Amino acid sequence: MRNLSRPSRKNSHFFSQPLEDVPKEFKPFEKLVYLTPTLEIHVSEEYINFKHRGQYFEDMSGGNALTQSASSKKERILVHCDLDAFFAAVEILHHDLDPDKPLIIGSDPQGGRGRGIVSTCNYAARAFGIRSAMPVSEAWRRCPGHPFGPGHYIRGSRGLYSRASRQVMKILKEPAEFFEKASIDEAYLDVTEHVGGDWDAAYALCRTLQDSIERSVGLTASFGIAPTRILAKMSSEVNKPKGIFRILPDEIGDFFEGRSLRDVPGIGPKRATQLAEWGFVTVDEAYVLGELALGRMAGERFAAWLIRVVDGTTSSEVSQLRSRKSIGKEHTFSTDQTDHEAVLDVLRSLTQRVLSRSRDMGISGRLAEVKIRYTDFETHTHGRSIPVAMDEPDVFLRLAEYLFATNVQDHRGLRLIGFRLGQLDMPPTRQAMLLLSEEE
Ligand code: TTP
Ligand code: MG
Ligand code: MG
């Protein structure tokens with residue numbers, strides 16, 4: 001039977017952190033009671049597809065084999081960065097608010113009768129037990145707003161968040177061989193070569209990035225350093241806010257000792273409750289059962305995945321394509337348009353912008369999709385794929401024009417037009433091709 005047979009230390013959270021950063025006492029992260037089923041954030045005119053919060057389940061099937069990845073190489077040094085109380089921190093910065101006063105971003109609380117949910121809140125509000133995705137009425141009960149209590153409730157402004165996010169991502173991208181923006185406030189970096197395989201240098205790099213983000217954007221960020229994605233993500237939570245935490249390859253077993261199964265991204269409340277009913281609350285308790293016994297209880301796929309998480313053999317691939325299914329832009333007209341030539345001009349410009357964005361990211365695509373919304377909100381998407389992924393603006397301009405011209409219904413007013421590049425790919429040969437054409 002397998003077990004976590006590494007020498008056990010009393011304080012299992014005292015890993016090999018450099019001395020300057022003796023970790024705060026580890027508190028099990030309070031569980032989210034309310035979970036939003038999907039986290040799809042629409043940022044101004046550009047839309048970004050975020051995956052379901054339980055995105056780690058995909059790893060259970062072994063992950064998808066993307067071409068330009070680092071997964072084939074041995075032991076990687078991955079960094080996961082997640083901004084602290086992101087939306088709230090941006091609002092505090094923008095409106096020069098007191099960070100020690102509870103701030104809640106979300107739907108209008110309507111004096112406690114509001115029916116929406118909380119997006120996020122600052123750490124002062126978290127002291128009242130308020131959390132992301134909690135009903136805003138519940139938040140109000142815990143910490144009422146003016147004049148009944150100290151809570152400050154605001155709706156938030158997406159434009160500000162995406163601007164701040166872009167500034168942070170620019171800083172993070174710099175030292176990463178492979179970079180992946182995983183959501184509006186987090187990114188994965190593969191820094192193995194940049195730090196020459198040195199874990200201490202990786203730690204120092206995170207400190208530098210943290211300082212740089214705070215100095216130039218005014219936000220605090222937390223970092224996790226580990227050999228796999230899931231471990232890096234978990235470690236960025238450990239010393240939040242403004243923390244750095246590192247899990248070396250031979251410390252993974254220690255890290256999971258006594259750690260709640262619920263802390264593992266991908267293990268939802270349902271599965272955690274099921275496992276708890278059988279008497280398994282911590283990761284090491286489930287792990288020592290071994291794949292076979294655990295599989296009989298919780299399913300083979302889950303068991304194999306959990307064993308791999310603890311063995312440190314889940315994905316270490318960092319790739320822009322993992323979290324992005326498509327790149328798209330759309331435009332809503334201030335008054336409905338009946339001049340289809342004018343709409344076509346907007347569509348051309350959107351297509352150009354999508355293609356220049358995809359080129360910046362080194363991504364190509366096989367699918368062109370045009371979205372048309374008519375005055376009465378009736379919405380159609382028309383798509384066409386090409387045999388190989390490309391990033392040629394001309395190809396997609398022609399496709400967009402064709403899709404629009406052959407599908408738009410005459411004499412109807414248009415509310416919105418959009419273009420989307422889908423079936424993304426990151427051809428490994430692209431770099432070589434670019435070099436080649438430069439030499440010619
Ligand atoms: P998170 O990184 O999950 O949360 P956070 O940055 O607010 O707090 P933490 O310090 O724990 O990282 O999410 C990033 C942003 O995404 C968050 O500021 C608001 C938004 N969000 C929602 O709108 N709804 C949600 O349910 C969650 C979890 C986040
Ligand atoms: Mg965050
Ligand atoms: Mg986040």
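This is a predicted model: local features need pLDDT of at least 70, side-chain atom pairs count only at pLDDT 80 or more; totals for chains, interfaces and linings use all residues.

Residues are numbered from 1 along each chain as its sequence is written, and chains are lettered from A and ligands numbered from 1 in the order in which they are written.

**Exercise 1.** Determine the strand order of the open sheet that contains β4, and explain why one side of β5 and of β6 is left without a neighbour.

Solution. Begin with the elements, where helices (H or I, at least four residues) and strands (E, at least two) are DSSP runs numbered from the N terminus, and where two strands pair if DSSP finds at least two bridges between them. The 3 strands then fall in the order β5-β4-β6, with mixed pairing. Because β5 (118-121) and β6 (152-154) each have a single partner strand, they stand at the edges, and one side of each has no neighbour in the sheet. Next, inspect the pairing of β4 (residues 103-106) with β5, which is antiparallel and comprises 3 bridges; within it, Ile104 is set opposite Cys121 of β5.

**Exercise 2.** Find the order of the open sheet of 5 strands, and the residue in β8 that is the bridge partner of Val79.

Solution. The order reads β7-β8-β3-β9-β10, again with mixed pairing. Strands β7 (178-183) and β10 (244-246) have a single partner strand each and therefore leave one side without a neighbour. Between β3 (residues 78-83) and β8 (residues 186-190), which run antiparallel, there are 5 bridges, and the partner of Val79 is Leu189.

**Exercise 3.** Identify the residues with the most contacts inside the largest nonpolar core.

Solution. A nonpolar core is a set of buried Ala, Val, Leu, Ile, Met, Phe, Trp, Tyr and Cys residues joined through C-beta atoms within 7 Å, buried meaning that 20 or more other C-beta atoms, placed from the backbone, lie within 10 Å of a residue's own. The largest such core has 78 residues, and those with the most contacts inside it are Val79, Ile104, Cys121, Leu189, Cys206, Ile225 and Ala286. Apart from this core lies another of 17 residues, including Leu355 and Phe419.

Terms used:
A residue is buried if 20 or more other C-beta atoms lie within 10 Å of its own, exposed if 12 or fewer, and partly exposed in between; C-beta atoms are placed from the backbone.
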